[in-house]
Amino acid sequence: MSLSVYTCVFNVKSMTFPWKETLQNWVDFLGSEKNQLVIAVNKSTDDSPKLIRDYLKEIVDPRSQLKVDVLDIDIPYTDPAFDGKGTAAALAACTEPFAILMDLDEAFPRGQRQHWTKLATELERSHLDCFLLPVVDLCGDEQHYREPIGSKFRLHKNNPQFTRGVVKDARRENGTFDTTRSDSTELIWKETGELVRSAPIVMQGLPHFLTMAQIESGMVPFVFHLGWANFEQRLKQSAFWRPVWQAREGGPVKTEETLEELQKIPRFRHVLPPWRA
């Protein structure tokens, strides 16, 4: 079951998370089989297309069947639908039967490839077009702070009638859209703007924090979010995030003190994360 992993990026040099490690993670996940990696690079001012192409040449075995496409696109960064139009351009270049949307601050847990292909097989047999899959915040080393934080329109059939964009119900007559109802990256039908047929795959019954064993057991495919890669920035934003943490039923109440404890965890900031294959 072949897959296309696709994304849209902007100015990788300014990114605070390890984008090279993320690309390596995606290449490891896709392997040497007939799969595809599509990266749309939008209006970057730091030579991002060359940086990405050069790095991918270093890590992709030329003998493998993995197809790599790095696209140069030009969407104004001031466009509210910047993300959606960028991911739509990347999706349009996907060639494999199933596609997976990723952000450059997201990574696949090691050893989960067969679970994704199995889920793609189930999707192919179903009347659905897309599975919404969980996102787990990678907040520390192998023993600490793996936290389910939501789900995304993640794995889907690669139908040429699909695109990424603003869902119809959130559009306004003046060309803008309601940002509380759409982030402009929903998986929609090109012709109607309606959402495709989808279903969430959730982590029912799992504890709020996940152990490494639970994560690698293959209960359900998901991705890591590297939201804590820039620890100092999160520490500065703790006053902003605390109400969010407190609002989560059964979730932790993090304070400056617990954040300081997180900072002491070995391997927290500068060592290769555990999702590296």
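This is a predicted model: local features need pLDDT of at least 70, side-chain atom pairs count only at pLDDT 80 or more; totals for chains, interfaces and linings use all residues.
Biologist: With which residue does the side chain of Asp72 meet in a salt bridge?

Modeller: In general, side chains of opposite charge can pair when their charged atoms come close. The criterion is a side-chain nitrogen of Lys or Arg within 4 Å of a carboxyl oxygen of Asp or Glu. Here the partner of Asp72 is Arg53, at 2.8 Å from N to O. This pair links distant parts of the chain, for Asp72 belongs to strand E3 (residues 67–73) and Arg53 to helix H2 (residues 48–59), 19 residues apart. Arg53 is partly exposed, at 30% relative accessibility. Such names follow DSSP runs numbered from the N terminus, with helices (H or I) of at least four residues and strands (E) of at least two.

Biologist: How many salt bridges does the structure hold?

Modeller: The structure holds 10 salt bridges. Among them is the pair of Arg63 and Asp61, whose closest N and O atoms are 2.9 Å apart. Arg63 is exposed at 73% relative accessibility, whereas Asp61, with a relative accessible area of 33%, is partly exposed. Arg63 sits in the loop between H2 and E3. Its C-alpha lies 8.0 Å from that of Ser32, although the two residues are 31 apart in sequence.

Biologist: Which parts of the chain does the salt bridge of Lys168 and Glu194 tie together?

Modeller: The side chains of Lys168 and Glu194 meet at 3.9 Å, N to O. Lys168 lies in the loop between strand E8 (162–165) and strand E9 (186–189), and Glu194 in the loop between E9 and strand E10 (198–200), so the pair joins parts 26 residues apart in sequence. Lys168 is partly exposed at 42% relative accessibility, and Glu194 is partly exposed with a relative accessible area of 34%.

Biologist: What is the phi value of Asn11, and where is this residue found?

Modeller: Phi of Asn11 is near 45°, a positive value in a residue other than glycine. Asn11 is found in the loop between E1 and helix H1 (19–30), and is buried, with a relative accessible area of 11%. Asp47 also has a positive phi, near 65°. Asp47 is placed in the loop between strand E2 (36–42) and H2, where its relative accessible area of 45% makes it partly exposed.

Biologist: How many helices and strands does the protein have, and what share of its residues count as buried?

Modeller: The secondary structure comes to 8 helices and 11 strands. Of the 277 residues, 50% count as buried.

Biologist: Among contacts between residues at least 6 apart in sequence, what share join residues at least 24 apart?

Modeller: A contact means heavy atoms within 4.5 Å. In this protein, the share of those contacts that join residues at least 24 apart is 73%.

Key. Residues are numbered from 1 along each chain as its sequence is written. Side-chain values use heavy atoms; hydrogens and water are left out. Buried means under 20% relative accessible area, exposed over 50%, partly exposed in between (1.4 Å probe, protein chains only).
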